[in-house]
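My entries follow the order of the look-ups.

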Amino acid sequence: MMRELSDPVRAVEATLFAAEEPLSVDDIAAYVGTSVDVKAALAELEAHYAGRGIELVERGRRWHFQTAADLAHILRREREESRKLSRAAVETLAIIAYHEPVSRAEIEAIRGVQISKGTLDVLMEAGWVRPAGRREVPGRPLTFATTQEFLSHFGLKSRRDLPGIDDLKAAGLLDPVDTALERLGLEGEDEAELETDGEDA
């Protein structure tokens, strides 16, 4: 029999259930008060819900309840199944995730082809990609980065949990993009070259 939760832990639990989006430790403390040890309460709740139909998870230093991974298929709707990303969108999302913040020209340089405006629109509409400011180079191109929703959807605590390039190559998921990744870099002097390549494409 599971032991009952203390009132402070129940307060943290209630706060997370009522929240419309994942909350940080500071966000939770703002609701339950600074006298509550929020981190300890989260650890207790995480253990309390382990193995149940819902679980408490941390994604990008924010906490929320979600359906247990092995039961997610029960709640998946057909309309969600039919909305699959195009190959261009998948490749673009992968490039942004691994190189953010990254400009459109840099994405095109890595993929070797131009991307339509619609591709980025789809990713932003899904809530996985966001504008991340302008790069301080000639032309001041807009850059893009992933979002908290991206981490939550793919079950990642942070971008450090993304599989390594070797893992992706072994799975055959980066061919032929992996070749471009080896040939082109996104740091230092290569940035100017990438901008030029993107414009010429």
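**Entry 1: aromatic pairs**

I note at the start that this is a predicted model. I searched the whole structure for aromatic pairs and got 3. I took the pair of Phe-17 and Tyr-49 to begin with. Their ring centres lie 6.4 Å apart and their planes meet at 70°. Planes over 60 degrees apart count as edge-to-face, so I logged this pair as edge-to-face.

I then looked up where the two residues sit. Phe-17 belongs to helix H1, residues 7-18, and Tyr-49 to helix H3, residues 38-49. The two are 32 residues apart in sequence, so the pair ties together separate parts of the chain.

Next I looked up Phe-17 with Phe-65. This aromatic pair is stacked, with 4.4 Å from centre to centre and 10° between the planes. It also links distant parts of the chain: Phe-17 is in helix H1, while Phe-65 is in strand S2, residues 62-67. The separation here is 48 residues.

I put the three residues together. Phe-17, Tyr-49 and Phe-65 make up one aromatic cluster.

**Entry 2: burial in the cluster**

Phe-17 has a relative accessible area of 47% and is partly exposed. Tyr-49 is buried, at 6%. Phe-65 has 15% relative accessibility. Buried means under 20%, so I counted Phe-65 as buried too.

**Entry 3: helix H7**

I moved on to helix H7, residues 104-111. Of its 8 residues, 7 are buried, so the rest of the structure largely encloses H7. I listed the buried ones: Ala-105, Glu-106, Ile-107, Glu-108, Ala-109, Ile-110 and Arg-111. I also checked the backbone just after H7. Gly-112 takes a positive phi there, about 85°.

**Entry 4: H6 against H7**

How do H6 and H7 pack, and at what angle? I found an angle of about 115° between H7 and helix H6, residues 87-99, with the axes 10 Å apart. The range from 65 to 115 counts as roughly perpendicular, so I recorded H6 and H7 that way. Their crossing is right-handed.

H6 contributes Ala-88, Glu-91, Thr-92, Ile-95, Ile-96 and His-99. H7 contributes Ile-107, Ile-110 and Arg-111. By type, the residues of this contact split into 5 nonpolar, 2 polar and 2 charged.

Terms used
Residues are numbered from 1 along each chain as its sequence is written. This is a predicted model: local features need pLDDT of at least 70, side-chain atom pairs count only at pLDDT 80 or more; totals for chains, interfaces and linings use all residues. Side-chain values use heavy atoms; hydrogens and water are left out. Rings of Phe, Tyr and Trp (its six-membered ring) pair if their centres lie within 6.5 Å; planes under 30 degrees apart count as stacked, over 60 as edge-to-face and the rest as tilted. Helices (H or I, at least four residues) and strands (E, at least two) are DSSP runs, numbered from the N terminus. Buried means under 20% relative accessible area, exposed over 50%, partly exposed in between (1.4 Å probe, protein chains only). Axes are lines fitted to C-alpha atoms, for helices over the stretch in contact, and angles run from 0 to 180 degrees between N-to-C directions. Angles under 35 degrees count as roughly parallel, over 145 as roughly antiparallel, 65 to 115 as roughly perpendicular and the rest as oblique. A crossing is left-handed if the near helix is turned anticlockwise from the far one by less than a right angle, and right-handed if clockwise. Contact means heavy atoms within 4.5 Å. Ala, Val, Leu, Ile, Met, Phe, Trp, Tyr, Cys and Pro count as nonpolar, Asp, Glu, Lys and Arg as charged, and the others, Gly among them, as polar.
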